[in-house]
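Subject: Structure handover

Hello,

Here is the structure for you to take over. Please have a look at it, then read the notes below.

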Amino acid sequence: SYVRALKEAGFPPVALELESQAIARAALGAVSGSEGVIIVDMGRNRTSIAVSAAGSVLYTVTVPVGGRALEQEIAAALGVGAEETMSIKKEQGLARDAHEGKLYAALLPLADTLAAELVRTIAYYEDHIAHIHGGSRGIARVLLSGGDANLPGLDTYLASRIRVPVSLIDPFHGMENATPYPIPEIPKNESLAFAAAIGLARCS
């Protein structure tokens with residue numbers, strides 16, 4: 001269906017690539033070492049988890065947790081409208097004491113769902129696919145991308161649950177001298193939503 005749409009729009013397709021591979025390229029740049037890395041891409045309706053090692057995406061899984069679900073839980077727990085819900089999500093996130101603990105309690109089940117899937121993914125990598133493409137035996141770090149990865153406190157909470165360092169990606173890392181075009185002036189937290197597009201631009 002994608003190829004047909006491109007052709008009908010007058011753009012002959014030259015190559016197709018998995019979204020997870022493009023995001024991994026944006027997250028890791030030209031790194032091709034053997035360390036196992038998990039890239040978590042948090043979108044509106046779902047979260048994609050991809051395991052990368054030695055320059056290849058080895059395994060992917062999708063979790064039905066995204067920004068929309070976070071907003072629904074906030075609105076239901078606090079009884080606030082859409083605009084205030086967005087503000088609370090962006091500014092307070094997993095703050096334990098906010099709104100008498102109601103906010104944390106509302107978002108915790110979703111964060112736990114994501115953490116549990118990361119634990120399963122790490123175990124699967126270590127037990128079954130760590131040897132593929134010369135990958136290291138364990139997961140060295142977890143990188144968060146996507147517009148809703150900016151949820152305050154999510155990185156530290158996940159790190160405490162899975163016992164692996166967790167941080168936000170920098171999609172423009174290493175691009176300063178790799179392209180003749182200027183890097184757009186965009187805040188880092190906003191650039192996370194464009195990781196796939198940035199990764200595709202880096203393929204050349």
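Which helix gives the most to the lining of the second largest pocket? Helix 4 does, with three residues.

First, the ground rules. This is a predicted model, in which local features need pLDDT of at least 70 and side-chain atom pairs count only at pLDDT 80 or more, while totals for chains, interfaces and linings use all residues. Residues are numbered from 1 along each chain as its sequence is written, and side-chain values use heavy atoms, with hydrogens and water left out.

**The second largest pocket**

The second largest pocket has a volume of about 290 Å³. (A pocket is an open set of points on a 1 Å grid over the protein atoms alone, with protein on both sides within 12 Å along at least five of seven lines; lining residues have an atom within 4 Å of a point. Grid points are joined across faces, edges and corners, and a volume is the space filled by probe spheres set on them.) Its lining includes R44, E71, K89, D148 and L151. Helix 4 (82–91) and helix 7 (188–191) each supply at least two lining residues. (Helices are DSSP runs of H or I with at least four residues, strands are runs of E with at least two, and both are numbered from the N terminus.) By class, this lining has three nonpolar, three polar and six charged residues. (Ala, Val, Leu, Ile, Met, Phe, Trp, Tyr, Cys and Pro count as nonpolar; Asp, Glu, Lys and Arg count as charged; the others, Gly among them, count as polar.)

**The cavity**

How many cavities of 30 Å³ or more are there? The count comes to one. (A cavity is a set of grid points where a 1.4 Å probe fits but cannot get out.) The largest cavity has a volume of about 40 Å³. Its lining divides into 10 nonpolar, no polar and no charged residues. Among them are M42, V65, L94 and L151. Helix 5 (residues 102–129) gives the most here, with four residues. L151 also lines the second largest pocket.

**Salt bridges**

There are eight salt bridges. (A salt bridge is a side-chain nitrogen of Lys or Arg within 4 Å of a carboxyl oxygen of Asp or Glu.) Three of these pairs follow.

R46 and E19 meet at 3.5 Å, N to O. R46 lies in the loop between strand 1 (36–42) and strand 2 (47–53), and E19 lies in helix 2 (residues 19–28), so the pair ties together parts that are 27 residues apart in sequence. R46 is partly exposed at 36% relative accessibility. E19 is partly exposed as well, at 39%. (Buried means under 20% relative accessible area, exposed over 50%, and partly exposed in between, with a 1.4 Å probe and protein chains only.)

R44 and E71 meet at 2.5 Å, N to O. R44 sits in the loop between strand 1 and strand 2, and E71 in helix 3 (residues 67–78), so this pair also ties together parts 27 residues apart in sequence. R44 is partly exposed at 35%, whereas E71 is buried at 12%. Both residues line the second largest pocket.

R120 and E117 meet at 2.9 Å, N to O. They are three residues apart in helix 5, so about one helical turn separates them. R120 is partly exposed at 48%, and E117 is buried at 14%. Elsewhere, salt bridges that share partners join R44, E71, K89 and D148 into one network. Those four residues are also in the lining of the second largest pocket.

**A surface patch**

V3, L6, F11 and L16 make a nonpolar surface patch of about 370 Å². (Patch residues have over 30% relative accessible area and no salt bridge; like charges are joined within 9 Å, and nonpolar side chains, here Val, Leu, Ile, Met, Phe, Trp and Tyr, within 5 Å. Accessible areas come from the Shrake-Rupley method with a 1.4 Å probe; for residues, only the protein chains shown count as cover.) V3 lies in helix 1 (residues 2–8). At 31% relative accessibility, V3 is partly exposed.

**Two contacts across the sequence**

Y157 lies in helix 6 (residues 154–162) and is buried at 11%. Y157 and D112 are 45 residues apart in sequence and 9.1 Å apart in space, C-alpha to C-alpha.

A27 lies in helix 2 and is buried at 13%.

Best wishes
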